[in-house]
Amino acid sequence: MEAIVLQILNGLDKGSAYALIALGLTLIFGTLGVVNFAHGALFMIGAFCAVTLSKILTLSHVVIDATKKDFLGNPLKVEVPYIYDFVGENAGNIIIDWAVPLSILFAIPIMVLIGFIMERGLIKHFYKRPHADQILVTFGLAIVMQEVIKYFYGANPIPTPAPEAFKGSLDFGAMLGFEANSIIYPYWRLVYFSFAAVIIGGVFAFLQFTTFGMVVRAGMADRETVGLLGINIDKRFTIMFGLAAAVAGLAGVMYTPINSPNYHMGMDFLVLSFVVVVVGGMGSLSGAVLAGFLLGILESFASMTAVLETLPGINQIIIYLVAIIVLLTRPRGLMGKAGVMEE
Amino acid sequence: MFGLRKSDSVLLLIVIALTVFAPFILNPFPENSVMAQFNAGYPDLMQRLVIFGIFAIGFNILFGLTGYLSFGHAAFLGVGSYAGVWMIKLLTLNVIPAIVVSVIVAGAFSLLVGWISLRRSGIYFSILTLAFAQMSYALAYSVLTPITGGETGLQPKVADPRILDAALEEGVTPRANLFGMFMNDSYEMVVGGWIFTFNVGYYIAAICMVFAFYLSIRIFRSPFGLMLRAVKSNQQRLNYTGIESKPYTLAAFVISGMYAGLAGGLLVAMDTQAGAERMFWTASGEVVLMTILGGAGTLIGPVLGAGFIKYFENIVSKINANILETWFSFMPDGISDLFVGLIYPFIGKGWHLTLGILFMLVVIFLPGGLVQGGQKIAGMFKNKKDGSDSATSSASAAPAE
């Protein structure tokens with residue numbers, strides 16, 4: 001029982017990342033009808049927003065500290081982050097410590113801007129072209145984004161720790177009445193899952209309960225008619241592209257403490273996220289979220305020792321295997337709508 | 001010639017000439033000159049040029065003719081490589097069994113993958129092939145380590161059985177050969193400042209490529225090729241006329257899988273080892289890049305694309321900041337620094353950035369690839385000569401396969 005709960009919990013954080021990226025992919029596909037292979041790169045850029053902010057915050061200048069001496073008796077040179085000069089040492093330390101959560105605020109405008117530029121500058125010209133062309137051009141864009149990041153940040157992963165308050169783990173087992181220390185779960189993963197839940201809930205609420213969301217949903221169902229009613233649907237779809245980029249970016253920002261970001265992390269996630277979208281059903285938002293969590297949890301179950309003993313290597317291929325089975329038995333995916341990209 | 005029409009025979013002859021004289025063509029600059037770093041006439045690179053040419057020709061038979069975009073073709077190349085290494089380990093150091101078995105095994109594997117994947121089309125087909133390739137990659141890396149060698153890869157050892165060969169003498173390392181001709185043997189011809197290298201392995205690979213190219217011309221011109229084009233232009237209409245398209249697409253898929261297997265087998269013949277990274281999806285992406293860059297659906301395009309990418313990958317990535325500085329050293333200091341700073345991100349390790357940008361530009365502006373670009377330029381010159389209007393150039397802009 002403990003093992004099962006533990007695997008479900010383990011699956012949740014990976015599942016959250018899949019669900020967030022797949023949600024963005026589906027938003028873009030459902031609104032603009034574009035297959036965006038650069039979405040993983042957006043996730044990666046989001047993660048590097050967090051890296052950038054923590055670098056900016058720790059920018060420092062050298063100060064000669066007269067009170068301390070080095071071993072030769074000269075005054076010691078100390079690096080002092082600029083932020084100490086603005087808000088004082090204590091507050092400065094807290095801000096640096098909380099760099100990753102703060103990056104959310106920093107990343108949103110950047111990601112929305114990148115989304116706008118991408119849509120207006122490039123994707124716009126590909127609406128009428130075949131899906132293969134869209135895949136190819138966004139694939140090229142993903143390579144470019146990746147290489148630009150590599151040029152500025154290098155190829156090695158850059159550790160970006162979570163705030164001190166979230167280090168350590170929660171003894172989940174004791175809370176549920178199992179033995180103590182049977183289910184240990186790091187706090188940050190819990191934060192990541194809650195964050196993902198809030199974002200997903202937010203996107204759904206936005207689409208469901210606002211007039212803007214209603215128009216967008218109508219546009220997804222029948223773009224032409226909405227346009228004929230005198231609504232500038234293109235503008236709204238561009239905004240949705242920015243939103244999808246921001247969702248991917250935020251997923252990346254919050255993922256940095258779990259895995260140190262490197263320039264190709266986006267591609268690794270992209271392949272899986274596409275599988276997730278297809279399993280969930282192209283164009284179905286709830287399908288993407290459901291499939292994301294489902295596959296994340298399945299993956300962690302497959303990595304249990306008991307399962308690996310009977311089916312060695314299953315943890316590596318379970319997602320693809322499920323995708324193949326789903327695609328062949330349920331052509332629309334789990335929750336796909338009739339008529340959306342069936343062939 | 002060989003049942004080809006005249007224009008195709010000319011094309012084939014050009015390709016034959018290019019491959020035969022490649023050691024000269026790729027080595028235009030004397031050794032020890034400043035430009036010698038642009039020489040590509042060394043065996044390893046020449047072998048890669050033709051082998052990836054074969055891979056891209058095969059991919060083009062699937063993507064260029066039927067429009068099915070496979071994102072998992074590297075899996076067939078990888079499976080072929082593994083099969084090839086095993087033949088070298090078990091049977092003989094002669095490369096013929098390795099190459100033949102590579103093709104057969106890759107063909108069988110692509111039959112299985114194609115039979116399942118081709119039940120869907122469009123993006124779903126791409127995802128299915130991608131899923132299969134990633135599965136093969138993950139399995140080769142983990143569970144199948146006894147067969148694939150896992151992370152270290154697979155290579156022949158002195159202690160291998162090699163039942164068809166006589167035992168190796170003491171201290172002799174196993175080298176791949178073709179009836180006693182070793183793959184990495186070369187004859188070097190020194191003419192003045194030039195050194196031209198004629199490599200056994202390269203010519204064997206080149207013969208395979210010429211044959212592969214000839215076969216692809218025949219497929220393009222056959223009724224079967226016409227049927228594949230019909231699939232690309234309108235599969236639904238084809239189905240309404242009562243034709244089941246799947247046998248045709250499956251045949252194309254298996255043929256292109258066998259081409260990938262041939263490329264894998266040749267890679268093994270040249271350098272007797274195989275690793276799982278050959279099956280990673282970026283490797284599949286690379287053959288897509290080659291085909292599109294050269295011109296999908298054209299005969300010569302994939303070969304050009306493969307040559308272009310492999311050449312620049314090797315040459316551009318070798319240029320470093322020092323070399324750049326010597327190039328611009330004739331300029332005043334400030335300006336030369338500016339140029340070096342501007343160009344530096346795109347060379348050396350930044351080669352992939354250049355490739356990505358180039359690829360995007362081709363997809364956006366030249367959907368027909370380099371071949372279309374060449375035709376456009378040729379059309380411009382023609383117009384100037386004839387003084388006619390742009391009607392001819394737009395007619396010739398369509399890829400004339």
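**Exercise 1. Two helices of chain B**

Determine how helix α9 and helix α10 of chain B are oriented to each other in this predicted model, and which residues make their contact.

*Solution.* In chain B, α9 covers residues 223-240 and α10 covers residues 246-270, and the two pack at an angle of about 110 degrees with their axes 10 Å apart. Next, compare this angle with the cut-off, since angles of 65 to 115 degrees count as roughly perpendicular; α9(B) and α10(B) are therefore roughly perpendicular to each other. Then look at the residues: α9(B) brings Phe224(B), Met227(B), Leu228(B) and Val231(B) to the contact, while α10(B) brings Tyr248(B), Thr249(B) and Ala252(B). Sorted by class, the residues of this contact are six nonpolar and one polar, with no charged residue.

**Exercise 2. A hairpin in chain B**

Work out how strand β3 of chain B is paired, and how many of its six residues are buried.

*Solution.* First find the partner: β3(B) is joined by six bridges to strand β4 of chain B, residues 194-199, and the two strands run antiparallel. As one example of the pairing, Val190(B) has Ile195(B) of β4(B) as its bridge partner. Now turn to the link, where the hairpin has two residues between the strands and Gly192(B) takes a positive phi near 55 degrees. Finally, consider the cover of β3(B), residues 186-191: the count of buried residues is zero, and the strand is hardly covered.

**Exercise 3. Chain A as a whole**

Decide how the radius of gyration of chain A stands beside the value from the globule rule.

*Solution.* Start with the elements, for chain A holds 15 helices and four strands. Along the principal axes, its C-alpha atoms fill a box of roughly 80 × 55 × 35 Å. Of the 343 residues in chain A, 48% are buried.

**Exercise 4. Where the chains meet**

Identify which helix of chain A gives the most residues to the side that touches chain B.

*Solution.* Count both sides: the contact takes 31 residues from chain A and 35 residues from chain B. On the chain A side, α6 (131-153), α12 (265-280) and α15 (314-329) each supply at least two residues, and α6(A) gives the most, with 14 residues. By class, this side of chain A has 24 nonpolar, four polar and three charged residues.

Conventions: Residues numbered from 1 in each chain as written. Chains lettered and ligands numbered in written order. Predicted model: local features only at pLDDT ≥ 70, side-chain atom pairs only at ≥ 80, totals over all residues. Contact = placed C-beta atoms within 7 Å. Nonpolar A, V, L, I, M, F, W, Y, C, P; charged D, E, K, R; others polar. Axes fitted to C-alpha atoms, helices over the stretch in contact; angles between N-to-C directions. Parallel < 35°, antiparallel > 145°, perpendicular 65-115°, else oblique. Buried ≥ 20, exposed ≤ 12 C-beta atoms within 10 Å, placed from the backbone. Pairing = 2+ DSSP bridges. Rg over C-alpha atoms; globule rule 2.2 N^0.38 Å.
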